[in-house]
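Here is a brief report on helix geometry, charge pairs and surface charge. Please read it alongside the model.

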Amino acid sequence: MGDMSLEQVTENYYDVLKEIGNIGAGNAMTALSQMLQCKVDMKVPQVRLLEFHEVGDMMGGEEQIMVGVFLGVEGDITGSMMFMVQEESAKHLIQKITMGMLPPGSEFEDMGLSAMKELGNIITGAYLNSLSTLTNLKIFPTPPALTVDMAGAILSVPAIQFGIFGDKILLIQSQFYDEIELDGYFILIPDIESYAKILTSLGLPVI
């Protein structure tokens, strides 16, 4: 296991990682629907293995303003996870959660940011719960941190933190919509030993 690279794991078991991504994103959208108290539809998630510099391009460029909810992953596996949405999508979600009580333009003040953090917490929690159920591993999220910044700046945090494990990450792009279509991005960054644990727990041989 010591000489296993992220490249080998993801090339050999990409289908498994995609299935985990699909189930996790589906459960997260269910949680979002319950929180917003309205029907939320979702297109089939796009699951990709990308280098960090490619992720910003996927989101409309590294200068695209995004809202990111970042949390650590602890327990049987370690790493980090992030949920990101574009600025206008985040404003829409905040208005839905607060039932339109916030004056337009004030979404990123205290009340709106608190609502967005809670939303990020719930849907990333649903994602991690599905991963935990699939693998029978104990997985615990740390308290979430929220930031509003350019995509490149937000992504630089996990890039620096997890760069030693290789520069590829698993990106799950989930297009979901109530009255309007939104793009949400789940980014899962387990460390390399955690990839091995996930695969072993699913009964797959590890290189």
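## Helix α5

Helix α5 covers residues 110-135, 26 residues in total. At 1.5 Å a residue, α5 should span 38 Å. Its end C-alpha atoms lie 37 Å apart, so the span agrees with expectation. The model is predicted.

## Salt bridges

How many salt bridges does a search of the whole structure find? There are two.

One joins aspartate 41 to lysine 39. Their closest N and O atoms are 2.4 Å apart. Lysine 39 has 61% relative accessibility; the cut-off for exposed is over 50%, so lysine 39 counts as exposed. Aspartate 41 is partly exposed, with a relative accessible area of 28%.

The other pairs lysine 91 with glutamate 88, at 3.7 Å from N to O. Both residues sit in helix α4 (residues 87-97). They are three residues apart, about one turn of the helix. Glutamate 88 is exposed, at 54% relative accessible area. Lysine 91 is partly exposed, at 22%.

## Negative patch

Which residues form a negative surface patch? Glu54, Asp57, Glu62 and Glu63 do.

Glutamate 62 belongs to the loop between α3 (52-58) and β3 (65-75). Is glutamate 62 exposed or partly exposed? Its relative accessible area is 41%.

Methods: Residues numbered from 1 in each chain as written. Predicted model: local features only at pLDDT ≥ 70, side-chain atom pairs only at ≥ 80, totals over all residues. Heavy atoms only, no water. Patch = residues over 30% accessible without salt bridge, like charges linked within 9 Å, V, L, I, M, F, W, Y side chains within 5 Å. Areas by Shrake-Rupley, 256 points an atom, 1.4 Å probe, with all protein chains shown as cover. Salt bridge = Lys/Arg side-chain N within 4 Å of Asp/Glu carboxyl O. Lys, Arg positive; Asp, Glu negative; His and termini not counted. Charge placed at Lys NZ, Arg CZ, Asp CG, Glu CD. Helix = DSSP H or I, 4+ residues; strand = E, 2+ residues; numbered from the N terminus. Buried < 20%, exposed > 50% of the residue type's maximum accessible area, 1.4 Å probe, protein only. Expected span 1.5 Å × (residues − 1).
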